[in-house]
Amino acid sequence: MAAIYEFGGLDGATIQVASAARLDDFRARFFGLWPLRRIEATDDDRVDIAIDAISDGFHIRHGALEGGAVEVPDAAEAANQLVGLLAAELLSRRGDLIGTHAGAAAGPGGVILLVGDSLSGKSTLALQLARRGARFFGDDRIALAPGGFGGGRAPAAIGLGLTPRMRLPVHPGAGATLAAFVEGNAVVEHMDWQGEPTVAYIDLAIDAFPVAAFGDSAPVAALVLPRRRDDDADVLFLDDATQNEAALALLRQSTAPGMESRALVAAVAQVARAVPCLRLEYGSSAAACDLLCQRFDIS
């Protein structure tokens with residue numbers, strides 16, 4: 001029998017999920033600080049996302065899915081898929097927000113938004129910065145308000161409180177300090193066919209570094225485009241990127257269910273025009289983090 005779960009929203013209304021999978025079991029693993037509670041079902045319940053049990057797993061229904069539905073083998077994968085659907089539902093209700101796959105951490109001047117392709121080191125850099133005194137805003141999904149809030153025009157980032165993840169083993173360039181932290185505080189989520197850990201998550205309840213709560217916002221201080229160089233451990237530079245370069249990188253990593261495509265392009269360009277855009281190339285994320293901390297007064 002499906003239970004009704006209520007997740008926080010950014011539009012004043014909650015997101016209702018009817019789920020036969022026990023989502024309570026995956027709070028720390030996937031949902032982090034995203035507000036979640038189980039409520040009593042009534043005939044008047046509005047269901048935004050449905051997760052139904054089937055003979056060999058679960059059937060998930062939501063308009064953001066191709067064909068409106070997908071089947072998954074177990075409850076863990078249902079919860080994993082739900083993270084993206086929650087973000088899609090949240091953004092579909094707000095025509096002024098875009099969703100970005102990025103790492104983010106806030107220093108004294110605002111949020112450093114790390115935008116790049118997979119394996120560019122966004123997650124590691126965001127965690128490194130948080131361990132050095134920045135406030136962790138996310139390592140995967142961040143909401144952006146290109147026009148800011150409260151009459152301000154500066155772009156703002158909004159934290160969704162999602163659980164940070166790390167690929168294992170920790171990249172050698174991350175340094176011994178971060179590797180020791182991950183070993184002592186991360187929970188293994190996936191293992192390969194040989195039983196070696198490949199992905200772990202960090203439970204935000206351990207209070208190991210400052211974290212933005214769900215819905216917390218701060219102005220964007222800069223767009224940083226990271227590129228990790230595995231062929232040169234010593235390479236390290238941070239220089240200006242063009243607005244076009246930054247806008248294209250941001251566009252590749254952004255979605256906006258509540259906007260038309262033309263509006264999304266304009267919103268991304270607006271962000272790139274409004275804040276400093278930087279290109280970061282590095283071999284060691286520990287050294288790159290030192291450089292970012294110097295640039296943005298993080299201590």
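In what order do the six strands of the open sheet line up? Let's start there and then zoom in on a few other spots; keep in mind that this is a predicted model.

**View 1. Six strands side by side make an open sheet.**
Reading across the sheet, the order is S3-S1-S2-S4-S5-S6, and the pairing is mixed. Strand S3 (36–39) and strand S6 (69–72) sit at the edges with a single partner strand each, so one side of each has no neighbour in the sheet. Going from one strand to the next, the twist averages 20°. What holds neighbours like these together? Strands of a sheet pair through backbone hydrogen bonds, and they can do this in a parallel or an antiparallel way.

**View 2. Strand S1 has partners in S2 and S3.**
Strand S1 (residues 3–7) runs antiparallel to strand S2 (residues 15–19), and five bridges link the two. Look for Glu 6, whose bridge partner in S2 is Gln 16.

**View 3. Helices H3 and H4 cross each other.**
Two packed helices are described by the angle and the distance between their axes. The axes of helix H3 (residues 122–131) and helix H4 (residues 175–185) come within 11 Å and cross at roughly 95°, so the two helices are roughly perpendicular. On the H3 side, look for Thr 124, Leu 127, Gln 128 and Arg 131, which meet Leu 178, Phe 181 and Val 182 of H4. Sorted by class, this contact has four nonpolar, two polar and one charged residues.

**View 4. Thr 100 is a buried residue in strand S7.**
Strand S7 covers residues 98–101. Why does Thr 100 count as buried? Its relative accessible area is 2%, and the cut-off for buried is under 20%. The Thr 100 side chain makes a polar contact with the side chain of Ser 254, at 3.1 Å. Beyond its neighbours within four places in sequence, Thr 100 is in contact with residues including Asp 140, Arg 141, Ile 142 and Leu 250.

Definitions and conventions. Residues numbered from 1 in each chain as written. Predicted model: local features only at pLDDT ≥ 70, side-chain atom pairs only at ≥ 80, totals over all residues. Heavy atoms only, no water. Helix = DSSP H or I, 4+ residues; strand = E, 2+ residues; numbered from the N terminus. Buried < 20%, exposed > 50% of the residue type's maximum accessible area, 1.4 Å probe, protein only. Polar contact = N/O pair within 3.5 Å; in protein donor to acceptor, adjacent residues only side chain to side chain. Contact = heavy atoms within 4.5 Å. Pairing = 2+ DSSP bridges. Axes fitted to C-alpha atoms, helices over the stretch in contact; angles between N-to-C directions. Parallel < 35°, antiparallel > 145°, perpendicular 65-115°, else oblique. Nonpolar A, V, L, I, M, F, W, Y, C, P; charged D, E, K, R; others polar.
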